[in-house]
Amino acid sequence: MVDAPRSVPEHSGFREWVRPGIGALVLAGIAGLAVVVWVIRWRIASGSSLQDLRHQPAAASSESVTKAIEPPPGMVRIPGGTFWMGIDAEDAWPDERPAHRVTVDPFWIDAYEVTNAQFRRFVEATGYRTTAERAPSVEEILAQSPPGTSPPPAELLVPGALVFTPPEHPVRLDDVGQWWRWTPGANWRHPTGPGSSIEGMDDHPVVLVSWEDAAAYAQWAGKRLPTEAEWECAARGGLEAQPYVWGSDPPGDNRIYANLWQGRFPDQNTLRDGYERTAPVGSFPPNGYGLFDMAGNVWEWCSDWYDRDLYRRRAGRPVVNPQGPSRTYDPTQPYTPLKVQRGGSFLCHDSYCSRYRPSARHGCAPDTGLSHVGFRCAWSPGLAAGSD
Ligand SMILES: [Ca+2]
């Protein structure tokens, strides 16, 4: 079994879940609940502040900036070359097909996902505030909403994020609202909400960071986010067209290769791999290039826009150093700009989401941080020297 699209992924169906719910609630006049749902939807769906990196440090854009010729420490050189991107397995998700030849130049990529300690240094140096730490405005919400939407009460527009909150009993897997909860006060410092902390978790991947947050960190560090093609090339670790970053052996209760979910998703986690949520980076064996956690632990942002049909348009022509499509496209999320995420997370279980495979793709709104989303950076010679 290469792939198992038995259900929707961990959260991409959330908008589909929440949008009909919004309509029903508004029509029913249940204003309070509708607002909460709107806030959730905005956090997931809004792309209005995509270019808004107001808190981004100026160092990388300064005229006096120096250009780096050596990679920052902690990065691994990926030789690049031509590889099979995507997979043709019959049970693969449609956006993974067809497999096609892609060429990328050599580049460098972080050996580990960006940790809480690294992100803290960025925040302390710049005063950056993540999207989860900023209150959404009515204007921002309405800008991303269907015409005729009623504005939510201002008192409910508070900083927060969606937090994975497992139910206490089995639930339908087509209802992601059963395990994602809008949590005021949740952010990278408080990953499950007020009262939680990251004390003792310096070596865990930072989570609840949006694409905007990840891009701002990368620029500060003199790095960049990897392209989707670079990410997959790196994840494959030199293996040719294998279903997993470690080869062909499917993961299972007695075959632990990564921080995934064991048991019954989402209410019963047997913790066979030792971790309910994030694991310290590097807790599992590296892939063939010496990269850790390219499967599971946390999803990782890439620089590209997400286009569900991208591979079908590429078929039959050479693809060299692709930077991603110029548009985002997912007919199931027509109002939402989406950036690519790769690698799957600690919430991945074969019964629900097998997107811990190197060919698996996913799109998420660039201003949305979630409990299981982090990132790692890439580098090429000539980028502005950074601070990390
Ligand atoms: Ca786990």
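Predicted model: local features only at pLDDT ≥ 70, side-chain atom pairs only at ≥ 80, totals over all residues.
Residues are numbered from 1 along each chain as its sequence is written. Local features need pLDDT of at least 70 and side-chain atom pairs count only at pLDDT 80 or more, whereas totals for chains, interfaces and linings use all residues.

View 1. Helices (H or I, at least four residues) and strands (E, at least two) are DSSP runs numbered from the N terminus. In helix 5 (residues 211-220), 10 of the 10 residues are buried, so this helix is largely enclosed by the rest of the structure; a residue is buried if 20 or more other C-beta atoms, placed from the backbone, lie within 10 Å of its own. Among the buried residues are W211, E212, D213 and W220, and what covers them includes helix 3 (116-126), strand 9 (299-305) and strand 11 (339-342). Helix 5 is followed by G222, whose phi is positive, near 70 degrees.

**View 2. Strand 11 between its partners.** Strand 11 is joined to strand 9 by three bridges and to strand 12 (residues 362-364) by three bridges, running antiparallel to strand 9 and to strand 12. Q341 stands opposite W301 and also opposite H362. K339 and Q341 point one way from strand 11, V340 and R342 point the other way, and all are buried.

**View 3. The open sheet 1-4-14.** Three strands form this open sheet in the order 1-4-14, with antiparallel pairing; two strands pair if DSSP finds at least two bridges between them. Strand 1 (75-78) and strand 14 (378-379) stand at the edges with a single partner strand each, so one side of each is left without a neighbour in the sheet. Strand 1 pairs with strand 4 (residues 107-110) over four bridges, and D110 in strand 4 is the bridge partner of M75.

Definitions and conventions. Buried ≥ 20, exposed ≤ 12 C-beta atoms within 10 Å, placed from the backbone. Contact = placed C-beta atoms within 7 Å.
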